Amino acid sequence: MKAGGRGWLERSGLGLLSPSLLVLLAVFVAPLLFLVPTSLHPYVPGQGIGTRWTLENYTDILGDSFYLTIILRTLALGLIVAATTFVIGYPLAYFLARTRSRLRPWLIILVVFPLLLNLVVRSFGWIVLLANRGLVNDWLIALGVIEEPIKLLFNFTGLLIGLSHIFLPFMVLVLIGAIQNIPRDVENAALTLGASRLEVLTKITLPLSLPGILSGGILVFVLTISALVTPRLLGGPTYQVMSTLIFDEFLKVLNWPRGAAMAFVLTAIVLLLVWASARLAQRLATRR
Amino acid sequence: MSTLEIAHLTKSFGQVLAVDSFSLRVEHGTFVSLLGPSGCGKSTILRMVAGLLEPDSGLIRVGDREVTWLPPNKRKIGLVFQSYALFPHMSVFENVAFGLRRQRLDEAAIGTRVGEALEMVRLSGYERRLPKELSGGQQQRVALARAIAPQPSLLLLDEPLSNLDAKLRDLMRFELRRLQQELAITTVFVTHDQEEALTMSDQICVLSEGRLHQFGTPREIYDHPATPFVAEFFGRSNGFEGRIAALGDHASVSLSDAVALKTAHLPEGAKIGDAVHVTIRQESVTLLDPGASHGDEGIGGTLELVSFAGATAQFLVRVAGGIEFNAETRVSRGHALPDAGSAVRISVAPADVIVTAVK
C-alpha cells in the first residue's frame with residue numbers, strides 16, 4: 001500500500017465529497033460571502049449602497065420591535081409547524097413503517113405525492129379553502145358551528161395550516177426511516193413483560209425514535225423559516241415573516257444592505273439551532 | 001402448578017398452513033424442545049403461546065387459565081427472543097426491571113429482584129452498562145434475566161443460542177438448563193439444532209411442515225423414531241425404501257432382491273410384505289476388516305469414495321443392485337484407509353436398523 005496524500009484522500013472520503021462540495025462552494029457559500037461586505041455598508045436612498053463601513057443594519061434589526069416581532073413570529077412558526085407535522089405525522093409514519101400491506105409502496109407514494117404538485121398551486125388551493133367566503137368557513141357556517149366567518153387567511157393560522165400541510169411529507173419520510181430501525185421484537189418484548197400499548201409507545205418506541213424526531217423536526221423547522229412562496233401567498237402583502245421581509249428589502253425597497261443583514265441574522269439563528277440540536281442528538285445517542 | 005396445554009392449534013398465512021392442528025402437553029417444571037427444520041412452524045407456535053400471533057383456531061392453556069385470546073401483556077409469560085430484543089436505550093438494570101415496574105412493585109423490591117435475577121445469570125456488577133457495551137453472550141444473559149425477573153409461569157426460548165459462537169453456545173446450554181432446574185420453571189425451547197434439543201430437554205417434540213411427528217424423551221426419539229422424517233432428522237443417515245421380509249426373532253427387511261438386513265425392532269402391527277422406510281445412521285455402518293475371512297457375514301460391495309475428515313472418515317459403498325451406503329468411521333492414528341475401488345464388506349447391527357412405517 002502506498003502511503004501519503006492519496007491514502008489520506010481515500011480514507012477521508014474527500015474524493016467522494018468533492019463534486020458536491022465544489023458545487024456548494026461555488027453557488028452557495030461564495031455568493032453568501034459576497035453579501036457580507038454589503039451588509040456592512042449603509043443604504044443611501046436614491047443612490048444605493050454607500051461606501052462607509054457600519055454595523056447599523058444589524059443594530060437596527062436587533063433593536064427595532066418591528067423586526068424583533070417578525071423574528072420571533074418566524075421562529076414560533078417554525079417550532080409550531082415542526083410540532084404539528086410531528087403530531088400528525090408520527091401515527092401515519094408508524095403505520096407505514098409497520099404495515100405488512102402489499103399496498104405499502106403505493107401508500108408511501110401517496111405521502112410524497114403532494115410534493116410533485118407545484119408549490120404555488122398547493123398554496124392557492126389553501127386560499128380557496130381558507131378564505132372568508134371559502135369552503136371551510138362556508139361549511140362551518142352551514143353546520144351551525146360558527147355564525148361569522150373566522151379569519152383563517154393572512155394571519156398565523158393560515159401560515160400554520162399551509163406550511164404544516166406542505167412540509168408534512170418530509171417529517172413522515174424521516175420518521176418512517178427512524179421507526180423502521182426499531183426492531184419489532186423490541187416492542188414485542190415490552191408487551192410480553194406486561195407493558196400496555198401506551199407504555200410501549202412512551203417507554204420504547206418514542207424514546208428509540210427520538211433521533212428521527214429530532215432530525216425531522218430540524219428539517220421542517222429550517223424549511224418553514226426559510227419558506228417564501230407559501231408565506232407570501234397565505235400571509236398576503238402585510239403579514240410578514242423573515243423570508244418575505246428579506247425578499248421585499250432586496251426586490252421592492254432595494255435596500256440590499258438591510259436585506260443582507262437580515263439574511264445573516266436568519267442564517268445565524270438556523271446554524272445555532274442546528275448545532276444545538278446536533279449536540280442534543282449526540283448526547284441522546286451516547287446517553288450514560 | 002403451571003402446565004402448558006396446547007390443543008388443535010392451527011394457523012395459516014394466506015395459502016400456507018404453518019401449524020396444522022398441533023397439540024402438546026408440557027408438565028410443570030419440565031423442559032420441552034420444539035425441534036424441526038426452519039419453516040416447520042415451531043416459532044409460529046411459540047409466538048402464539050406468547051400472544052404475539054393469533055391462532056386461527058385451537059386452545060392454549062397455562063395452568064388452569066385459558067390464554068388463547070389474551071393479549072401478550074396479560075399472559076405473564078417470559079419470552080427470550082433470538083435477537084435478544086434488549087431495550088438499547090436502557091441500562092442492564094432498567095432492562096431487567098422493566099417487567100417488575102409494570103407490576104407496580106416498589107423500588108426496594110425491584111432492586112432486590114433485579115439483583116437476584118442478574119446473580120442467577122452471573123451478571124452481577126453489570127447493572128449500569130448499556131446493552132451495546134456487552135458481548136453477545138452477556139446480552140443473551142440479560143435477555144434471560146429480564147424474562148425470569150417477573151417470575152413468569154412459563155418461559156419461552158426462541159432459538160436463544162443460535163447467535164452465539166460454538167464455544168459459548170455449549171456453555172450457555174448448560175447454564176440455561178441449570179437455571180431452568182433451579183427455578184423449576186416450565187420451559188419451551190425452540191431450536192433447529194438436534195444436539196441442543198437432545199442435551200437439554202426432558203422431552204422433545206419433533207415438527208415438520210406444521211405437524212407433530214413425535215413427542216418423547218430424547219432417548220425415545222433417537223432410538224425409536226416414529227416416522228421416517230424423525231429417523232433421518234438426527235445425525236447423518238442412509239434412507240432406503242424396503243419391505244418387511246420376516247417377523248419375530250429373525251425379523252428382517254429387504255432393500256432389494258439381493259440385499260436384506262436383520263433388524264431388532266419392527267413397527268407395531270407390521271406384516272410381511274409391508275412397505276417400510278429403513279434408516280441406518282452413518283456411524284452404524286461398519287466396514288469389516290478386509291484381512292480377516294468373514295464368510296457370508298455382511299454385505300459385499302465396492303468402495304466408491306473415501307474421504308478423510310480428521311477424526312473420522314467417510315465412505316461410500318455400492319452393494320448389489322446399485323444400493324449405496326454412506327458410512328462414517330473413526331480413524332485410528334497411523335491406520336491406513338482402504339483405497340477407493342477396492343472390494344469391501346459392510347455390516348450393520350440389527351439394533352441399528354431403524355424401520356419406520358410408511359403412511
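The structure is a predicted model. Chain A gives 17 residues to the contact with chain B, and chain B gives 19 residues. Within chain B, helices H2(B) and H3(B) cross at roughly 125 degrees, and strand S19(B) pairs in the antiparallel sense with S16(B).

**Contact between the chains**

- On the side of chain A that touches chain B, the elements giving two or more residues are helix H9 (184-192) and helix H10 (197-208) of chain A.
- H9(A) supplies the largest share of that side, 7 residues.
- By class, that side of chain A has 10 nonpolar, 4 polar and 3 charged residues.

**Helices H2 and H3 of chain B**

- The axes of H2(B) (residues 92-102) and H3(B) (residues 107-120) come within 9 Å.
- Angles of 65 to 115 degrees count as roughly perpendicular and those over 145 as roughly antiparallel, so at roughly 125 degrees the two helices are oblique to each other.
- The crossing of H2(B) past H3(B) is right-handed.
- From H2(B), the contact uses Phe93(B), Val96(B), Ala97(B), Leu100(B) and Arg101(B).
- From H3(B), the contact uses Ile110(B), Arg113(B), Val114(B), Ala117(B) and Leu118(B).
- These contact residues comprise 8 nonpolar and 2 charged, with no polar ones.

**Strands around S19 of chain B**

- Strand S15(B) (residues 285-287) runs antiparallel to S19(B) (residues 343-348), joined by 3 bridges.
- Leu287(B) has Ile346(B) of S19(B) as its bridge partner.
- Strand S16(B) (residues 299-309) is paired with S19(B) over 4 bridges.
- In that pairing, Ile299(B) stands opposite Ile346(B).

Conventions:
Residues numbered from 1 in each chain as written. Chains lettered and ligands numbered in written order. Predicted model: local features only at pLDDT ≥ 70, side-chain atom pairs only at ≥ 80, totals over all residues. Contact = placed C-beta atoms within 7 Å. Nonpolar A, V, L, I, M, F, W, Y, C, P; charged D, E, K, R; others polar. Axes fitted to C-alpha atoms, helices over the stretch in contact; angles between N-to-C directions. Parallel < 35°, antiparallel > 145°, perpendicular 65-115°, else oblique. Left-handed = near helix turned anticlockwise from the far one by under 90°. Pairing = 2+ DSSP bridges.
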